[in-house]
Amino acid sequence: MNATIGQQQTSSGVHPLKFVLWLMIISIIMMFAAFTSAYIVRKEEGNWLDFDLPDSLLINTGLLVLSSVFMQMAYFSARKDNIKQLKAYLVLTLVLGTAFLIGQWEAWGTLVDRKIFFGGVDANPSGSFLYVLTGVHGFHLITGLIFILIVLISSFQFKIHSKKLLRIELCTIYWHFLGGLWVYLYLFLTLNH
Amino acid sequence: MASTDISLHKDVHHDHDAHDEHDHHDQHFIFKYIFSQDHKVIAKQFLITGIIWAFIGGALSSIFRLQLGWPQATMEWLEPVLGKWIEGGKLSPDFYLGLVTMHGTIMVFFVLTAGLSGTFSNFLIPLQIGARDMASGFLNMLSYWFFFLSSIVLFFSMFLETGPASAGWTIYPPLSALPQAMPGSGAGMTMWIVAMALFIVSQLLGGINYITTIINLRTKGMSMTKLPLTIWAFLLTAILGVLSFPVLLSAVLLLIFDRSFGTSFYLSEIYVAGEALANVGGSPILFQHLFWFLGHPEVYIVILPGFGIVSEIIATNARKPIFGYRAMIGSLLGISLLSFVVWAHHMFVSGMNPFLGSVFMFLTLIIAVPSAVKVFNWIATLWRGNIVFTVPMLFSIGFVSLFISGGLTGIILGNSALDIQVHNTYFVVAHFHLVMGSSAFFGMFAGVYHWYPKMFGRMMDEKLGYVHFWLTFIGVYMVFMPMHYVGIAGFPRRYYSWTSFDLFSSFANINMYISLAAIIAWLAQFIFLFNFVYSMFRGRKATANPWRSNTLEWTTPVNPGHGNWPGPIPAVYRWPYDYSKPGAEDDFIPQNVPFSQTQSSNLPHDKE
């Protein structure tokens with residue numbers, strides 16, 4: 001019975017969980033598509049406060065892109081069964097990801113100092129949108145960090161190696177997606193300011 | 001490639017070994033029936049929750065129909081149920097708005113989205129594509145329990161002192177964004193939003209699972225063009241859900257910020273309750289755009305499963321192959337695609353640019369084409385068929401009838417110029433209740449009657465089924481046909497009272513008639529409820545394939561266990577619509593019968 005319960009092969013050749021991840025990514029893309037198109041529609045209607053983006057966002061973007069590079073290196077190390085390097089790269093990714101989040105928090109601080117508020121009497125939707133975009137992205141980034149942490153823990157338990165790559169593969173895809181999403185958001189905000 | 005396949009194979013195997021030790025041997029009651037990961041049990045959970053919601057939703061509409069039909073009557077006799085919502089023998093106007101809002105929300109989301117897709121996608125996808133279960137039983141279980149939580153929150157919101165959300169199921173700001181706007185905009189609206197957020201999570205988990213299962217876990221030989229049309233419909237329904245529900249989540253998130261964090265996404269220059277608000281620069285139209293970007297695909301999420309179920313049942317009971325199988329798939333694809341580019345036809349009179357209105361009108365009217373293709377194919381399938389008038393068949397034919405009647409008025413409403421007269425009137429109410437409300441319900445009833453033997457191993461009572469069908473079918477037309485006339489006259493929807501307008505006093509009788517019909521139609525549903533529950537225990541025992549149908553679910557035992565097939569999964573050799581094939585011994589050839597066994601009926605191109 002045990003043998004028959006398991007599906008032997010998938011009709012698309014892709015592991016179902018990877019497929020699930022891609023669909024989740026699509027639904028997250030739809031969320032941000034809604035936000036950014038709302039942003040454009042709202043901007044066209046006027047009464048839109050223009051302000052400069054905090055410079056630190058560029059540094060944060062650099063950090064996140066670098067973390068994506070390390071994530072990829074971690075994946076390569078896992079494929080080569082180089083467990084020591086795998087752990088090191090994963091820790092680096094985790095640290096850079098956290099640094100990005102702290103950087104975003106600092107950027108919010110800069111915005112508040114410049115009297116760009118999320119809500120309240122002085123708030124303009126242009127500022128509110130910036131907080132929403134960074135905030136919702138930040139929330140997803142936290143889920144990504146948790147995922148990396150899980151992968152890191154399993155790498156310490158020797159559960160990730162060249163014969164067992166699924167988990168780190170999924171994590172890599174998700175992390176690259178979050179990085180790509182941020183680069184898109186950053187370019188979008190820069191171009192629409 | 002070979003090496004990846006092997007490791008994949010091992011992985012899946014390993015997971016299931018662990019899973020089985022935990023789950024399979026003598027499951028505890030709680031894991032077998034409550035926190036079950038078996039798709040068949042989850043389907044029944046969705047179905048039963050959906051039925052409960054449908055009766056609540058129907059009861060709410062009966063109450064506001066009482067108000068509309070007999071505006072002068074006193075409703076003291078309802079006081080034991082409604083308590084302080086009856087003020088001096090009259091229904092409270094605030095609660096009336098809560099009733100229509102809750103009726104819409106419950107019916108659209110909780111019954112016809114979760115109850116319909118949740119039930120039939122869960123039940124039929126693994127059985128019809130030849131899979132042991134869903135891709136992830138765990139996510140599937142989560143999907144139901146998020147729905148359950150969402151149901152609890154929405155249910156309790158009806159018992160708040162300030163009443164449930166009352167801004168209509170479309171929750172347009174500013175009504176929904178300002179807690180001080182009306183009693184229902186306070187805690188009731190907050191709970192509505194919480195319920196909807198949980199609901200969206202449930203739908204995404206479910207939808208992602210359905211798509212993954214259909215794409216990845218089809219049995220040997222089951223190519224996409226051998227899939228039953230039900231599965232195509234469920235696949236596209238799930239895709240629409242995965243693409244559109246996140247947008248609703250975004251819209252609702254911005255609404256939450258407007259409500260509780262003082263942002264102004266949707267609010268601008270408002271003077272309410274003697275006080276000018278600080279909000280500037282928001283746009284309520286923005287919300288409508290975001291909402292209807294979900295809202296329009298949502299109506300197809302409601303109706304597509306019905307398309308699939310009805311196609312399957314009509315072909316089975318007409319004992320004929322479905323007419324235009326590929327055209328059916330093509331029209332499903334066309335409708336799904338178009339559903340994303342027509343949302344602004346809900347906003348013709350919102351102050352949108354009229355040129356934009358013309359574009360959306362054009363796109364909207366194109367939907368008539370694939371819809372007509374479907375209707376034509378259903379009728380062509382029935383044409384000269386050996387029709388077996390089973391109860392599910394009657395409901396399927398009823399579905400086609402209602403879909404045509406309701407669809408025709410869609411052509412009128414889709415015109416941005418005609419919409420100036422009929423927008424927000426009972427004409428709209430009549431249109432969507434026929435084309436998506438009643439039709440989807442008929443699809444659901446057809447599905448329940450048809451797959452009941454596979455769900456519970458017993459048949460539902462036929463005579464009660466016929467009575468249920470005719471009362472519902474006649475009832476639905478009696479309710480919604482007159483509504484068209486009232487609507488053309490300009491009678492606005494969602495109004496608590498219209499007695500102060502002389503213009504409308506001549507409609508008193510017609511409103512009474514509609515109300516009477518609505519209540520009779522609702523009461524008729526108790527026949528179904530009785531039949532549903534009674535047959536579970538006392539129904540005639542079903543055979544493995546009571547409708548002599550071709551699809552794979554009928555090759556399982558009468559009561560399929562965990563894993564669906566006791567032996568290996570059957571392979572598939574042919575499409576699911578080989579009914580009355582010339583030269584065949586029987587008038588049906590199941591999908592798992594190879595061509596080598598049917599030499600007498602094979603056509604020149606029938607090769608394996």
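Analyst: Two residues are in contact if their C-beta atoms, placed from the backbone, lie within 7 Å. Helices (H or I, at least four residues) and strands (E, at least two) are DSSP runs, numbered from the N terminus. The model is predicted: local features need pLDDT of at least 70, side-chain atom pairs count only at pLDDT 80 or more, and totals for chains, interfaces and linings use all residues. Residues are numbered from 1 along each chain as its sequence is written, while chains are lettered from A and ligands numbered from 1 in the order in which they are written.

User: Against which helices do the buried residues of helix 17 of chain B pack?

Analyst: A residue is buried if 20 or more other C-beta atoms lie within 10 Å of its own, exposed if 12 or fewer, and partly exposed in between. In helix 17 of chain B the buried residues include B:Ile514, B:Trp522 and B:Phe532. The partners of the buried residues are helix 3 (39–69), helix 15 (426–456) and helix 16 of chain B.

User: What distance does helix 17 of chain B reach from its first C-alpha to its last?

Analyst: The expected span of a helix is 1.5 Å times one less than its number of residues. Helix 17 (residues 508–538) of chain B has 31 residues, and its reach is close to the expected 45 Å. The value is 45 Å.

User: How many residues of chain B are in contact with chain A?

Analyst: On the side of chain A, 39 residues take part. The number for chain B is 45.
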